[in-house]
Amino acid sequence: MRSPLQAQVVQWLVQSGDAVAAGDVLVIVVAMKMEHEIRAPNAGRLDELFFQPGESVNEGEALGTLQLIATRDAAPSSVHAASRAIPFATPDPGAMRADLQQLQTSLAFTQDAQRPEAVAKRHALGLRMARENIADLCDAGSFIEYGALAVAAQSRRRSADDLMRNTPADGMVTGIGQIHGQRVVVMAYDATVLAGTQGMRNHQKTDRMLGIALQNNLPVVLFAEGGGGRPGDVDVATVAGLNLTTFAAFARLNGRVPVVGVVAGRCFAGNAAFLGCCDVVIATKDSNIGMGGPAMVEGGGLGVFKPEQIGPSAVQHGNGVIDVLVDDEAQAVAAARHYLSFFQGAQSDGQAPPAEALRQVVPENRLRVYDTRTAMQGIADVGSLLMLRTGFGVGIHTALCRIEGRPVGMLANNPSHLGGAIDADAADKAARFMQLCNAHGLPIVSLVDTPGFMVGPDMEEKAQVRHVSRMFIAAAHLRVPYLSVVLRKGYGLGAMAMTAGGFHEPLCNVAWPTGEFGAMGLEGAVRLGYRKELEALPEGSEREALFDQLLAQQYDNGSALNMATTLEIDAVIDPADTRQWLVAGLQSGRVAPAAGPLSIDTW
C-alpha cells in the first residue's frame with residue numbers, strides 16, 4: 001500500500017493482523033493542512049505497518065503490506081470495528097450534523113413562523129408580511145434569498161441574541177425569484193422589523209442586489225413600505241451617513257431594466273426616494289407616500305401631522321405619483337406580475353376581441369362624447385390591458401397591452417376631458433409614457449381624437465408651451481415602431497404630437513371613416529377664416545345658417561376620405577380591420593439598437 005502524496009501520518013485506524021474490506025479507511029495522512037483518507041484497495045489482512053503517527057512519508061512510498069483474501073472468506077466479525085466506523089459513512093437519517101443544526105436554528109428566526117406576535121399584529125391591520133408578498137409574487141418555490149442572516153448593525157448596544165431574534169434580515173428580505181418563468185430581483189422592506197427603516201446592512205444587501213440586476217439585466221421589484229433612514233445603527237463609524245452608494249445605484253437602473261415599486265402602508269423619506277425612481281408605482285388605497293414622515297415634518301417646523309395625513313393615496317394618485325391604485329396587497333402583487341409580463345416577450349395565446357364592435361365606438365353624431373378606452377379594449381388582446389397613471393393627466397389614457405400576443409404601449413386622447421384637448425398634465429403623462437416604451441423596446445400605438453393643444457391665459461400660467469413640447473422631444477428620440485389611428489378629430493399641433501411629431505412620422509397613420517382633420521378646430525377655423533363674411537350678416541339665424549354651411553364645407557374638405565386622396569394619411573380603414581393594420585405594422589417595424597443611454601423621467 002503506497003502513499004498517493006507526500007504527507008505526514010496522523011492515525012492508523014487498523015492494526016497489523018486485522019482483516020479489512022475493500023474501501024475501508026486504513027490510515028489518515030495530512031498534507032497542506034488537509035487530511036486525506038487512504039483506503040484498502042481490496043479485501044485482505046494487514047501484515048506490516050511501516051510508519052507510525054507523526055512520521056513523514058514521501059509520494060509513492062510504501063505505508064505497509066496487505067495480504068489479499070477473498071471477500072467471502074473474511075467473516076464479518078473478523079473485520080476491525082474501527083475500519084468500519086469510517087468518516088462519511090452512511091449517516092443516520094434521523095440525525096443532523098451540529099453545523100447544519102446551527103444553520104437551521106439561525107434561519108428559523110428569519111421566518112414568520114417564529115414571530116407569531118408580529119404576524120398577528122400585521123394581519124390585524126389587514127396587511128401582509130414581507131415574505132407573504134414575495135411568495136405571492138414569485139412562481140412557487142422559485143425564490144432564493146440573499147443576506148437572510150444579516151442583523152442590524154447595533155452590536156455595541158444590543159446582544160447577539162437580541163439582534164438575531166428582533167432584527168432578522170436587518171428588516172429587508174432580498175433575493176432572486178421567477179415571475180412567469182423569468183428571473184427577477186425582489187427586495188422587500190419588512191415593516192415589522194425596525195419599522196422597515198434603512199439600516200447599514202440592508203443598504204449593503206440592496207447594493208448587492210442592484211449590482212446583480214444591472215449586470216444581468218434583471219427586472220427589479222421593490223416593496224417599499226418603511227420609514228427611511230435608521231439613526232440607531234451605531235456599529236458604523238460615520239457622522240451623517242451620507243456617503244452611501246445605494247441611491248445612485250438604484251437610479252442607474254433607470255432605462256436599463258424594468259423597475260416596479262409597490263407600496264402598502266406608509267412609505268416615507270429614503271424609502272420614498274427609491275419609490276420615486278421606479279418606472280411604475282403600484283400602491284394600495286390605504287397607503288401614504290411622502291418625502292418626509294411626521295417626525296421630519298415636525299422637526300422642520302412645518303407642523304404636527306399624523307402619518308395618514310401625509311401623502312394619502314388619493315393625493316398621490318391624482319398628482320401622478322401612483323401609476324396603479326389597487327384595493328390591497330393581493331391586487332398590488334397581481335398588478336406587478338401583469339406589468340412585468342409585458343417585458344418578457346411575446347405570447348402565443350392572445351385572444352382577439354370581436355372586431356365588429358369597433359365600428360360602434362365613435363358615435364355618428366360628431367359632437368357626442370364617447371370613451372376611447374372602449375377602442376383600447378376593442379384593439380387589445382382580451383384581458384391584457386393594464387391602464388397606467390389613471391388619476392393624473394386624464395386628457396390622455398396610457399396603457400400596456402398585447403396585440404396578437406405582442407406587448408405594446410397604447411395611448412389615446414380622452415374626449416371626455418376638455419373635448420380631448422391636450423393640457424400640460426396630459427402632455428407630461430404622454431411624454432413619459434413614450435420614454436418608458438422606448439427604453440424597454442415596446443412599440444407604441446396612438447389613438448387620436450384631439451382638437452389640439454389646450455390654449456388660453458390659464459393654460460399659459462402653467463408653462464403650457466414647455467409641457468406640451470415634451471411630446472415632440474420624446475417622439476424625436478424614439479427607437480421603437482410608432483403606429484397611429486385617427487378615430488375622429490385630428491387637428492393642429494396636438495394631432496401632430498399624437499402622431500410622433502407629424503402625420504408621416506409613424507410607420508403607419510390611418511383613420512377611421514369618422515376622422516376629421518384641419519390645421520385647427522373646424523369651428524375656430526370658420527370663425528377666424530370667414531370673420532368678414534359672418535360679421536357682414538346680422539346676429540341671429542342668418543349668420544348661424546352661414547356658419548353651419550361653412551362648417552359643413554370645412555368638414556367635408558377635412559374628411560378622412562379627402563385626406564387620403566391627398567396622401568396626408570396612409571389609408572382610411574374599416575374600424576373592424578384596425579387590428580389587421582396594426583399587426584402588419586408591428587410585424588414590419590423593428591426596434592433599433594439604443595444609440596446611447598436611455599432614461600425615463602421620474603415625472
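Predicted model: local features only at pLDDT ≥ 70, side-chain atom pairs only at ≥ 80, totals over all residues.
**Pockets**

- The largest pocket has a volume of about 570 Å³.
- Of the 22 residues in its lining, His203, Thr238, Ala240, Gly241 and Leu244 lie nearest the centre of the largest pocket.
- Helix 6 (200–216) and helix 7 (246–251) each supply at least two residues of that lining.
- By class, the lining of the largest pocket divides into eight nonpolar, eleven polar and three charged residues.
- The second largest pocket holds about 480 Å³ of space. It is lined by 17 residues, and Arg122, Leu125, Ala191, Glu225 and Arg266 are the closest to its centre.
- Two or more residues of the lining of the second largest pocket come from helix 3 (116–124) and from strand 13 (266–268), with helix 3 giving the largest share, three residues.
- Eight nonpolar, four polar and five charged residues make up the lining of the second largest pocket.

**Cavities**

- There are three cavities of 30 Å³ or more.
- The largest cavity contains about 130 Å³ of space.
- Its lining has 19 residues, with Arg122, Asn133, Phe223, Glu225 and Glu329 nearest the centre of the largest cavity.
- Helix 4 (130–137), strand 10 (182–189), strand 12 (259–263) and helix 11 (329–341) each supply at least two residues of the lining of the largest cavity.
- That lining comprises eleven nonpolar, three polar and five charged residues.
- The second largest cavity has about 80 Å³ of space, and around it sit Asp279, Asp323, Leu388, Arg389, Thr398, Lys429, Arg432, Phe433 and Leu436.
- Helix 13 (residues 424–439) gives the most to the lining of the second largest cavity, with four residues.
- By class, the second largest cavity is lined by three nonpolar, one polar and five charged residues.

**Salt bridges**

- The structure holds 22 salt bridges.
- Arg366 and Glu516 meet through their side chains in a salt bridge, at 2.6 Å from N to O. Arg366 lies in the loop between helix 11 and helix 12 (372–379) and Glu516 in strand 23 (residues 516–518), so this pair ties together parts 150 residues apart in sequence. Both Arg366 and Glu516 are buried.
- Asp235 forms a salt bridge with Arg156, with 3.9 Å between the closest N and O atoms. Because Asp235 is in the loop between strand 11 (220–223) and helix 7, and Arg156 in the loop between strand 8 (144–146) and helix 5 (160–166), the pair ties together parts that are 79 residues apart in sequence.
- Asp235 is partly exposed, at 25% relative accessible area, whereas Arg156 is exposed, at 64%.
- Asp136 and Arg128 are joined by a side-chain salt bridge of 2.9 Å, N to O. Asp136 is partly exposed at 33% relative accessibility, and Arg128 is partly exposed too, at 22%.
- Asp170, Arg230 and Asp233 are linked in a network of salt bridges.

**Surface patch**

- Met96, Leu100, Leu103 and Leu149 form a nonpolar patch on the surface, with about 350 Å² of accessible area together.
- Met96 is found in the loop between helix 1 (81–84) and helix 2 (98–108). Its relative accessible area is 44%, so Met96 counts as partly exposed.

Terms used: Residues numbered from 1 in each chain as written. Heavy atoms only, no water. Patch = residues over 30% accessible without salt bridge, like charges linked within 9 Å, V, L, I, M, F, W, Y side chains within 5 Å. Areas by Shrake-Rupley, 256 points an atom, 1.4 Å probe, with all protein chains shown as cover. Salt bridge = Lys/Arg side-chain N within 4 Å of Asp/Glu carboxyl O. Buried < 20%, exposed > 50% of the residue type's maximum accessible area, 1.4 Å probe, protein only. 1 Å grid on protein atoms, 1.4 Å probe; cavity = no way out; pocket = protein on both sides within 12 Å on 5 of 7 lines; lining within 4 Å. Points joined across faces, edges and corners; volume = space filled by probe spheres on them. Nonpolar A, V, L, I, M, F, W, Y, C, P; charged D, E, K, R; others polar.
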